[in-house]
Amino acid sequence: MTDGIRGRWRALPRWARRVLVVYAAGLVEGTGDHAVVLARGGPHAYAGFGPPPLQVFFVALVVLDPLAAALTLRLRPSGIRLAAGVMTLDVLANWYVNRAWVKANPQELLQPVGLLPITLFGLFVLATALPLLRTVAGGATADLPVARPPSIRKDAARQSGPDGNGAHR
């Protein structure tokens, strides 16, 4: 067994460490972007971005993105799964909201900001999630079950000791 989070990070292959750092950086950048939008426009900043469920989702990304980043950096498989889920929904929601201008001006997709980087990052997360999960869950980094004390049987006193009669000789 390794020694804490640093030991678990050191035990990972170099490619996995790099991928995890890219996950965290992308998710933190997304958090910052959504935080800036909310700071400028308040809770209704996404009012023009499609139906109310999508608006709620875009606001919720201020919490979901950093949560996924934190869990990922702690090498929790749940963080990788959350990152994959969040990015899948984020990419789909952004394409849905922007579908009209994509049809009208597809060359706008080549801009270094907006839909292109979100889509590329989402595809990166989806393409690497399964190998990363296998690598992280394969070591001592898997989500650990909750430790439970051993159950004490009612007749434990009678069964203790070498004779099973409660007496120690």
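Helix α2 gives the largest share of the lining of the largest pocket, seven residues; helices here are DSSP runs of H or I with at least four residues, numbered from the N terminus. The model is predicted, so to speak of local features a pLDDT of at least 70 is needed and side-chain atom pairs count only at pLDDT 80 or more, while totals for chains, interfaces and linings use all residues. Residues are numbered from 1 along each chain as its sequence is written, and side-chain values use heavy atoms, with hydrogens and water left out.

The largest pocket has a volume of about 590 Å³. A pocket is an open set of points on a 1 Å grid over the protein atoms alone, where a 1.4 Å probe fits, with protein on both sides within 12 Å along at least five of seven lines; lining residues have an atom within 4 Å of a point. Points are joined across faces, edges and corners, and the volume is the space filled by probe spheres set on them. The lining counts 27 residues, and Glu29, Asp33, Asn94, Gly114 and Ile118 lie nearest the centre of the pocket. Two or more lining residues come from each of α2, α3 (52-73), α4 (77-97) and α6. By class, 15 are nonpolar, seven polar and five charged, where Ala, Val, Leu, Ile, Met, Phe, Trp, Tyr, Cys and Pro count as nonpolar, Asp, Glu, Lys and Arg as charged, and the others, Gly among them, as polar.

Helix α2 also holds threonine 31, which is buried at 16% relative accessibility (buried means under 20% relative accessible area, exposed over 50%, partly exposed in between, with a 1.4 Å probe and protein chains only). Leaving aside residues up to four places away in sequence, threonine 31 touches Leu61, Val62, Asp65 and Pro66, a contact being heavy atoms within 4.5 Å.

Turning to the rings, the structure holds five aromatic pairs (Phe, Tyr or Trp rings, the six-membered one for Trp, with centres within 6.5 Å; planes under 30 degrees apart are stacked, over 60 edge-to-face and the rest tilted). Tyrosine 23 and phenylalanine 124 are edge-to-face, because their planes stand at 80°, with ring centres 6.1 Å apart. This pair links distant parts of the chain, 101 residues apart, with tyrosine 23 in α2 (residues 14-41) and phenylalanine 124 in α6 (residues 115-138). Tyrosine 23 is buried at 0%, whereas phenylalanine 124 is partly exposed at 28%. Phenylalanine 57 and phenylalanine 58 form a tilted pair, 6.0 Å centre to centre and 50° between planes.
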